[in-house]
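Here are a few notes to read alongside the structure. Take them one at a time, and find each residue in the viewer as you go.

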Amino acid sequence: MIRTRSAVLVTILISLAAVMYNNNNRHNTHTADADPLPVIIVGSGLAGLSAAYNALQSGAPSVYLLERAAKPGGNSFKASSGINGALKGDDAFYTDTVRSAGKRLAETASSATKAQREHLIKVLTERSPQAIEFLEGLGVDLSVVTQLGGHSRARTHRGAGKTPPGVAIVSALLDKCKTEFGEERFRLVTGCEVKGLLKAEDGVMGVQYTTNGGGEEVLKGPVVFATGGFAGDTHGLLARYRPDLSGLPSTNEPRPAGHDVLTAVGARLVDMDSVQIHPTGFVDPQNPGARLKFLAAEMLRGEGGILLHEGKRFVNELETRERVSDAIMKLPEAKEEGGLKQWDMKLLLDPGAAKAAEGHVSFYVWKGLLKRVKAKDLDETTQKTLRDYAEVVSGRGGKVDELGRKAFGHWSLGVKEWDDGAEVCVGRITPIVHFTMGGVVINDHAQVLASELGQEQKPIQGLWAAGEITGGIHGDNRLGGSSLLECVVFGRIAGGQAALAARGGRV
């Protein structure tokens, strides 16, 4: 009798324990007795892929990579200038980034806010050599190093071949995720849209998304958000925070941004009015009124390209994007084309610059965005500009550039002697909306915060972010080459942190 009562009591206690366990873990679809928690990554650009690969390497049971487009890669796939990585002895990367961040950092009233911004910049710049090593370890060629605008020295890496760096890096990471971990651990889902985050008592425990067939799905686990910025959200966030930019073309596909999904669970936003205008977007002569435009890569100027208005140079082409764009936009606008605000500038590459950038140049020529022209066929004003510029490049007579340019890339035309038969490449460019510096506030663990910059940090548990969706790093202006770098550095951090949560069976 006593034995029977004891058995009944044990059974009751086990049942109560099971009920308590299920109640405490009711938000998890995966338990230790079932499938372990996956890491959920929203967005398959470089930030998302970096997070996915590091999460898997860090022991995440599996990764679900959710992408709203039909194909992975995002805007990272289009990146053409390269990725920054400090070389040995380069102690100026941090200083250059701080200078580029401008007044948002220099004139920050709160010392705590300034310290948090500077710390994020330090993480970005100090981990840049490891980012390059990581990618080269995947087989990505980053052997060519050039100097872009706003940089005090060469530190922007790309490959020596014809493949643009964005394509090379994204393709390599995607291939590694698939081949090293297989479909059981790496699950790419395209054509789906994350509509919301599943709230937990102290944070986030998963996502709700629609499939390309119109169905609705719920997936539970730690979440990394890497959906990019809002430069293409013309009638949404861009209109909300920068209505003055209405009418400018963009390099980004027109699509809604993901920021509101994050603010719905308490995420804070910073620098949302800080939008980068890239000075050089190609105007297609066959369709000048197109809103979506190809970027004229910054490396074209880094390798020696110059900018002309009515045949004359008017700006140091290696200034920051902000200053070059401002110089262009102070000039008269072109006639209205498709309702867009555009300018009529020329980008010109001499034979030396064109050869150094041949992989890009051949593509732009094929697309009809650059045209090969003999030097003798240029107008007289442009020819005089090129002859004068050649004297500056050669240093003849101690002549220096009145506009302040000191690095000339691979410019060769007229440096030794003028060649009428030399072939130059010319294309029309205009400023375009390119990058948004604002986004959700994060800490150095890439956790999304429910607190303002400089305040006591309140991480939203189970939620990380990386890439252009985040804010607080770039301030007024992002240095060219730091977008891909940001994706790798903070994407890897986010993936590793989310993997720890998944391995612990928690969010």
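This is a predicted model: local features need pLDDT of at least 70, side-chain atom pairs count only at pLDDT 80 or more; totals for chains, interfaces and linings use all residues.

1. Let's begin with a term you will need: a residue counts as buried when its relative accessible area is under 20%, as exposed when that area is over 50%, and as partly exposed in between.

2. Now find the partner of Asp273. Its salt bridge is with Arg104, and the closest N and O atoms of the two are 3.0 Å apart. Arg104 belongs to helix α4 (residues 103–106), while Asp273 sits in the loop between β11 (269–270) and β12 (275–282), so this pair ties together parts that are 169 residues apart in sequence. Arg104 is partly exposed too, at 22% relative accessibility.

3. How many salt bridges does a search of the whole structure find? The count is 27. As background, side chains of opposite charge can pair when their charged atoms come close.

4. A further pair to look up is Glu193 and Arg68, whose side chains meet in a salt bridge at 3.6 Å, N to O. This pair links distant parts of the chain, 125 residues apart: Glu193 is in strand β7 (residues 193–200), and Arg68 is in the loop between β2 (63–67) and β3 (83–84). Glu193 has a relative accessible area of 25% and is partly exposed. Arg68 is partly exposed as well, with 24%.

5. Next, turn to helix α7 (residues 165–185), where Glu180 and Lys176 are 4 residues apart, which means that about one helical turn separates them. Their side chains meet in a salt bridge of 3.8 Å, N to O.

6. Of the 21 residues that line it, Arg99, Gly150, Glu319, Thr320 and Arg323 lie nearest its centre. Helices α3 (93–101) and α11 (321–329) each supply at least two lining residues, and α3 gives the largest share, 3 residues. Which classes of residue make up the lining? There are 3 nonpolar, 9 polar and 9 charged residues.

7. For a contrast in theme, look at the surface. Phe294, Phe363 and Trp366 form a nonpolar patch there, and together they have about 360 Å² of accessible area. Phe363 lies in helix α13 (residues 358–366), and this residue counts as partly exposed at 33% relative accessibility.

8. Finish with Thr385, which you will find in helix α14 (residues 380–394). Is this residue buried or exposed? Thr385 counts as buried, because its relative accessibility is 13% and the cut-off for buried is under 20%. Then try tracing from Thr385 to Gln457: the two are 72 residues apart along the chain, and their C-alpha atoms are separated by 55 Å.

Technical notes:
Residues are numbered from 1 along each chain as its sequence is written. Side-chain values use heavy atoms; hydrogens and water are left out. A salt bridge is a side-chain nitrogen of Lys or Arg within 4 Å of a carboxyl oxygen of Asp or Glu. Buried means under 20% relative accessible area, exposed over 50%, partly exposed in between (1.4 Å probe, protein chains only). On a 1 Å grid over the protein atoms alone, a cavity is a set of points where a 1.4 Å probe fits but cannot get out, and a pocket is an open set with protein on both sides within 12 Å along at least five of seven lines; lining residues have an atom within 4 Å of a point. Ala, Val, Leu, Ile, Met, Phe, Trp, Tyr, Cys and Pro count as nonpolar, Asp, Glu, Lys and Arg as charged, and the others, Gly among them, as polar. Patches are made of residues with over 30% relative accessible area and no salt bridge: like charges are joined within 9 Å, nonpolar side chains (Val, Leu, Ile, Met, Phe, Trp, Tyr) within 5 Å. Accessible areas come from the Shrake-Rupley method with a 1.4 Å probe; for residues, only the protein chains shown count as cover.
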